[in-house]
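The structure is shown first, and the notes follow by topic.

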Amino acid sequence: MLKELLYPFDAGYILAGKRRIRKRLLEDAAGYTEKRIAILGGSTTHDIKLIMELFLLNQGIRPSFYESEYNQYYQDAVFPCQELEAFRPDIIYICTSNRNITRYPAMCDDADSIARMIEQEKQRFYTVWDSLRDTYGCPVIQNNFEMPFYRLLGNKDASDIHGKINFLTRLNMEFYDYAERHDDFYICDINYISADYGLREWSDPFYYHMYKYALNVNAIPYLAFNVANIIKSVFGKNKKGFVLDLDNTLWGGVVGDDGVDNIVLGPEEPEGQVYSEFQRYVKEHKQIGVLLNINSKNDYENAISGIKHPDSEFSPDDFVEIKANWNTKDRNFSDIADELNLLPESLVFVDDNPAERHIVSEQLPGVCAPEIGAVQNYIQVIDRSGFFEVTALSKDDMNRNEMYRENARRAQLQASFSDYNEYLLSLEMKGIIKNFEPVYMARIAQLTNKSNQFNLTTRRYTQPEIERLAADDAYITLYGKLIDKFGDNGVVSVVIGHETAGECRIDLWIMSCRVLKRDMESAMLDILVKRCKERGIRRIRGYYYPTAKNNMVRDFYAVQGFDKISETEGNTEWILDITGEYKNKNHVIEVED
């Protein structure tokens, strides 16, 4: 991962060096997820495509592109387009702007005619989106509208129905309504991005009239970065948690030297207010499932006393892991990742000390340690980095911190047992394994795009694809939930297989790292065999395709009693004969199906 492509970045450097940067990113071509991205533009998009590629490569996604001709987004979407159909996009980005509005209100127009105008513009875009959904069934990203670069009515432009600002705001609301009602449809908020960049610069008309770019060329990296963040989120490349320093990060001062009464935090002074605001910002991330952890060079008692400061927004229970000791930060970071059963690059390191950030990011490749600057900049830098870009939010996400804390309690319980099977029995586990159900479709799709370590075939699915498979009688689709005496782990495992020639061929088998070594895989196999026998299927054929991250399941099928029938460059194929009496695998999970 190249640091110069992390926020805050130098847009001029990226624009000038895009070919050189691309070459560096492709020097190690292994490990990329290949995705086909169609860009349907309402203006020139060539450099947007080139810069977007850099940000996607930096997130582990190697894109290939289809790019529409200038301002042909409507035609490519609505009418037959053989080239786009042959391209088979995995995701489509519609790059339009207020330059694509066909008609604005005039002062002589009444309310009814303006309402019809909005309806016509809305329906034009609804036609585009519905056509793409019906034809390609893949996620769609749509720009909303930035505000105009002039206001004929001055400030009244926002409140008067004849104003361009009023018109665009109402049209944006129609876009948001569509997004609320349709899964796998996402808004790229150029209304916000352009305001953040500076609307006067963003909308400089020189670039439109000279090059037909609907934005300042120098702003392209900011647009491309935001679109790339949505794409990497859709395909499961988001980060999963924070690892936070304490002294001069969550509060001002050094608690071990200054004492808890003298750290800078709270309403009494401006700097303390800034730290309090940052604490509130960090804590809000729990609502979207971001894991909070501490990594501090401190005596543990001092760290806890700082967290319990009267003006602190936190309590120790807000954090899944607290490492407060005198080990190196990279060692603590690695230990936190291990105990969460996550890869280190899944976590973001937030520390005010540039030396510590350098050590962690150098020793643990792939870990992001943003250059957060002064405390008043912490929120802006982290927020605009897009580490946790939300494209779907399930109940499991919102409960994730508690789920991982429950896992920590399970680990404590395990340490008290000398016999692992006795420990599993003590958990009083119940598995719910059923065919895909509508209420869990979003979570199932999300899990297919996030699971890396326990993912046998590395297949990824969008929610519309998941819904189509669930409705197809040729497919066996199973999800598994695991509940124990500490709580509900949520949907943790997914199996997708298709029936062909008397066999069930497993297209996908994944499981969340939260429940590894808990016998859930054996319980899932029991129900898969049961479903197969109900259909008269004689054999189950499984596949393992190795990646840099899924080595732990290399021998999974062998452990489950399958016979290996072929191996080519690490890719293996396995068979389980279920024609005779099938004996359930040994596990201690009570299963409801």
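Which side chain meets that of Asp 555 in a salt bridge? The partner is Arg 554, at 3.9 Å from N to O. The model is a predicted one, and 37 salt bridges are found in it.

**Salt bridges**
- Asp 555 has a relative accessibility of 42% and counts as partly exposed; Arg 554, at 45%, is also partly exposed.
- Glu 174 and Lys 122 pair through their side chains at 3.9 Å, N to O.
- This pair connects distant parts of the chain, 52 residues apart: Glu 174 sits in helix H7 (residues 164–181) and Lys 122 in helix H6 (residues 111–136).
- Glu 174 is partly exposed at 23% relative accessibility, whereas Lys 122 is buried at 12%.
- A salt bridge of 3.4 Å, N to O, joins the side chains of Asp 245 and Lys 329.
- Asp 245 is in the loop between strand S6 (241–244) and helix H12 (255–258) and Lys 329 is in helix H15 (residues 329–340), so the bridge ties parts 84 residues apart in sequence.
- Asp 245 and Lys 329 are both buried.

**Negative surface patch**
- A patch of negative charge on the surface brings together Glu 268, Glu 269, Glu 271 and Asp 311.
- Asp 311 belongs to the loop between helix H14 (300–307) and strand S8 (321–325).

**Helix H11**
- H11 (residues 220–234) spans 21 Å from first to last C-alpha over 15 residues, close to the 21 Å expected.
- Of these 15 residues, 13 are buried.

Key
Residues numbered from 1 in each chain as written. Predicted model: local features only at pLDDT ≥ 70, side-chain atom pairs only at ≥ 80, totals over all residues. Heavy atoms only, no water. Helix = DSSP H or I, 4+ residues; strand = E, 2+ residues; numbered from the N terminus. Expected span 1.5 Å × (residues − 1). Buried < 20%, exposed > 50% of the residue type's maximum accessible area, 1.4 Å probe, protein only. Patch = residues over 30% accessible without salt bridge, like charges linked within 9 Å, V, L, I, M, F, W, Y side chains within 5 Å. Areas by Shrake-Rupley, 256 points an atom, 1.4 Å probe, with all protein chains shown as cover. Salt bridge = Lys/Arg side-chain N within 4 Å of Asp/Glu carboxyl O. Lys, Arg positive; Asp, Glu negative; His and termini not counted. Charge placed at Lys NZ, Arg CZ, Asp CG, Glu CD.
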